[in-house]
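Let's take a friendly first tour of this model. Have a look at the fold before reading on.

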Amino acid sequence: MLYFIGLGLAKKFLTQASIDAMRKVDVLYLDAYTSLSCDINKEYLEKLLGRQIILADRNTLENNSKSIIKLLEDGKSVGIATIGDPMIATTHVSLATEAKNKGYNVMIIPGISVHCYVISKSMLSSYKFGRSVTVVYPYDKILDTTPYEVIKDNSSRGLHTILYLDLKEGKPMSAKDAISLLLQMEEIKKEGIITPSTQIIIGQRLGCEDEEVKALTISEALEYKYKDPPHIIIVPSKNLHYMEVEALKCLH
Ligand SMILES: C[S@@+](CC[C@H](N)C(=O)[O-])C[C@H]1O[C@@H](n2cnc3c(N)ncnc32)[C@H](O)[C@@H]1O
């Protein structure tokens with residue numbers, strides 16, 4: 001059996017189902033690259049569960065899945081624990097389908113995802129979210145403008161956009177860096193999608209004791225004093241329902 005175990009965003013969101021599964025498996029990996037938590041880490045989980053955990057990088061789970069399949073072939077049960085939900089905005093589906101196609105049972109244990117958490121805290125209508133996208137660091141000085149295109153497309157259909165921020169080699173992108181990249185995209189595209197008066201919602205350290213969810217304009221966000229990451233951004237559609245307008249006022 002291969003278990004994909006969602007840990008939620010912080011210690012207080014660990015579920016009994018996730019703890020039971022982590023105790024039960026023969027080999028337990030902690031996915032250390034698709035997300036991060038302010039208070040769940042390998043040491044904390046090892047102490048809580050009284051067992052050993054292996055930190056898994058992208059290579060172990062994506063390119064070198066053979067080692068995990070080999071454990072299953074040897075009759076071992078394997079767990080892959082992930083901050084948040086194991087299947088939301090991660091790359092674990094390919095490993096799950098590979099194991100399933102080879103005849104192994106796959107069990108998914110959902111966890112509270114940042115995706116649901118930020119929608120809930122924003123009070124925006126959950127029916128009105130379009131495709132989500134990740135703002136990534138420029139690669140070889142080339143800026144990927146996909147987030148700009150996705151915001152534009154969602155906006156044209158009256159939909160909100162969730163922006164995940166890049167997490168490269170354990171270095172989480174801050175909201176401030178993401179906003180300056182969005183402004184650079186605007187300079188390239190010049191379609192008036194991201195302007196100083198564009199409203200955004202910034203979620204900081206969600207699930208932690210010092211979490212914050214704030215509605216700001218882009219120009220306010222450039223001056224804002226942020227807490228440490230992780231950060232996430234929502235770009236609300238301009239076509240807000242009057243209840244959503246009221247909800248946003250509560251986040252100022
Ligand atoms: C690619 S998503 C993975 C989401 C995860 N699988 C889940 O279900 O929660 C990771 C990104 O979400 C955002 N994020 C994750 N946890 C967060 C938190 N507690 N507070 C704010 N943003 C967070 C950050 O932008 C981070 O780089």
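What follows covers the model itself, a sheet and the cysteines.

## About the model

This is a predicted model, where local features need pLDDT of at least 70 and side-chain atom pairs count only at pLDDT 80 or more, while totals for chains, interfaces and linings use all residues. Residues are numbered from 1 along each chain as its sequence is written, and side-chain values use heavy atoms, leaving out hydrogens and water.

## The five-stranded sheet

Five strands line up in the order E3-E2-E4-E1-E5, making an open sheet with parallel pairing. Strands here are DSSP runs (E, at least two residues) and helices are too (H or I, at least four), numbered from the N terminus; two strands pair if DSSP finds at least two bridges between them. At the edges sit E3 (54–56) and E5 (106–109), each pairing on one side only.

Strand E2 (residues 27–31) runs parallel to E3, joined by three bridges. Tyr29, for instance, has Ile54 in E3 as its bridge partner.

## The cysteines

Which cysteines form a disulfide? Cys38 and Cys208 do, with sulfur atoms 2.0 Å apart (the cut-off is within 2.5 Å). The structure holds one disulfide. Cys38 lies in the loop between E2 and helix H2 (42–49) and Cys208 in the loop between E10 (199–204) and E11 (212–217), so the pair ties together parts 170 residues apart in sequence.

Cys208 is buried at 6% relative accessible area, whereas Cys38 is partly exposed at 30%. Buried means under 20%, exposed over 50%, and partly exposed in between (1.4 Å probe, protein chains only). As for Cys116, its sulfur is 17 Å from the closest cysteine sulfur, in Cys208, too far for a bond.
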